[in-house]
Structure formats: C-alpha cells, structure tokens
Amino acid sequence: MTTFSPHPAPLAGPRLMRQVWADLTFVHWAVDPDRVAHLLPRGTVPDELGGATYVGLIPFRMQQAGFGRGPAIPYLGDFAETNVRLYSVDGQGRHGVVFRSLETSRLVAAVGARLAFATPYTWARMRIDRRDDVVDYTTRRRWPGPRGAGGRLTARIGDRITDPSELDLFLTARFGLHTRWAGQTLWIPNHHEPWPLRQADLLHLDDSLVAAAGLPGLVDVAPASVLHADPVRTVFGLPQRVRT
C-alpha cells in the first residue's frame, strides 16, 4: 500500500497554463533532509520517505505550451528544459516540488516565468536526441550565471512499470509546486493523468547543474532512482497563498 496516489485531485478554478511533457527522464539522489531544508520556501519543509528526501535532475521536452484553453503558442511553446528540484510539503499537507533551477532554450520563456512566478528559469543552449531506446540530453547555461553550467545525460529506456513502487510514486506523483514570490510562498496546482513510467538505465552523466543549485558533490555518487516517462498532457491552476 503506497502513501502517494498516481491520480491527482480534481483541479478547481480557472486553468492558467497547459502543456505536454515528453522525452522525460528522472534521475534522483537521496539526501538527508537537513541538507536541503534551508533551500525551501518559508512555510514548507523537506518531504521525506523513510527518513530521506531527494534531489532530482530532470531533462525533458516541453511541447504545445499555451495559456488557459487557448491555442498553443507558436515557436515559444516548444522547447527543451532541464530542472533541478527538491521535494516539499506545506502545513496544509500539500506535497509538491521546489525548483532550484530550470534551464530552457527559450529566453522569452525564462524571463517571463521569472517575472510571473519567480521560478528560477535560466536561458541555455540545449539539445535532445533520441534514437530507438536511447535518449541523449545536453545543456549549457547562457544566462544568468554560472555561465556554462550544464552537461550531458544519456539514458536507455526500458519496459513499462505496471506497478510503481512507493519511491516511484513519491518522486513523480507530484501535483503542484511551491515557490516564493513578492514575499509570499505560493502553491501552484498541477493536474495530469498518471505518469506512464518506464524503467531506465543511466548510461552517461556529466553534470554541473546540481552543484550550481547548491548541492556540490551529489552527482559523484550513484543515483537512487532512474526512471523515464512517456508523454503526458498537463494543466496548471491559479496560484494559492501558503500560510506561513
């Protein structure tokens, strides 16, 4: 019996944004919660499983991004992205993610997201190549610093996971994010169908994004989990204030 459900609660209220996430690979390391507690927004604490929390490095392809129920934004709605994220829970029991950085190949998207939601988007040169069951991601940061942060990640995609483990769900069944904006901590809800997860093997990793996000030395050890996911269509709701 797992604590986390792969099925999100219904999304109440207006839809803010929608997008498709594709070619997505999750790479995670287990860490002591005290190591990341100071990196989380006020009103949240590290979310734990078995006494540990996790740091994720997650590259993927954003597709068909658009506002509300309107059409996808041409050109700007399709780009590569890589994020470094932590796992949070607030006083209302909402389990989410906290982004330490989000690399994107679209400068306008990076600037817009920083202004609108204070999410730490950065502008980078990125590339995703997939051949059969092997997917290769490369990224190099342009702005802001540290300029040149990035690296390369290569994974082999395996079989579908029909019965996700408790750890699989803890790392992926997250239906919102916490962020700090204008002196307030916000919860931004997210809704999508259950992740179509797959097993994956990490073939190559050369990364400096995790260190740039405040966690040096972490990628020098073997990750605790490597997963891949088939595409999902997702919708974001309006931000809500977190009581602090």
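Is Ala182 exposed or buried? I found Ala182 exposed, because its relative accessibility is 62% (buried means under 20% relative accessible area, exposed over 50%, partly exposed in between, with a 1.4 Å probe and protein chains only).

Before going on, I noted that this is a predicted model, where local features need pLDDT of at least 70, side-chain atom pairs count only at pLDDT 80 or more, and totals for chains, interfaces and linings use all residues. Residues are numbered from 1 along each chain as its sequence is written, and side-chain values use heavy atoms, with hydrogens and water left out.

Ala182 sits in the loop between strand 10 (176-181) and strand 11 (184-192). I looked up its phi and got a positive value of about 50°, although Ala182 is not a glycine. Asp132 is not a glycine either, and its phi is positive at about 55°. I found Asp132 in the loop between strand 7 (121-131) and strand 8, and Asp132 is exposed, with a relative accessible area of 68%.

Next I checked peptide bonds. The one from Trp143 to Pro144 is cis, with omega near -15°, and Gly145 and Pro146 are also joined by a cis bond, with omega about 0°. Pro144 lies in the loop between strand 8 (134-143) and strand 9 (150-160), and Pro146 is in the loop between strand 8 and strand 9 too.

**Whole chain**

I counted four helices and 15 strands (DSSP runs numbered from the N terminus: H or I of at least four residues for helices, E of at least two for strands). Of the 244 residues, 50% count as buried. The C-alpha trace spans about 45 × 40 × 35 Å along its principal axes.

**Inside**

Which residues touch the most other members of the largest nonpolar core? They are Trp21, Leu24, Phe26, Met62, Tyr87 and Trp195, out of 33 residues in that core (a nonpolar core is a set of buried Ala, Val, Leu, Ile, Met, Phe, Trp, Tyr and Cys residues joined through side-chain atoms within 4.5 Å). Strand 4 gives the largest share of this core, five residues. I also saw that another core, of 28 residues, lies apart from it, with Val27 and Ile157 among them.

I then picked Trp195: leaving out residues up to four places away in sequence, Trp195 touches Trp21, Leu24, Phe26, Thr172, Ala229, Asp230 and Val232 (contact means heavy atoms within 4.5 Å).
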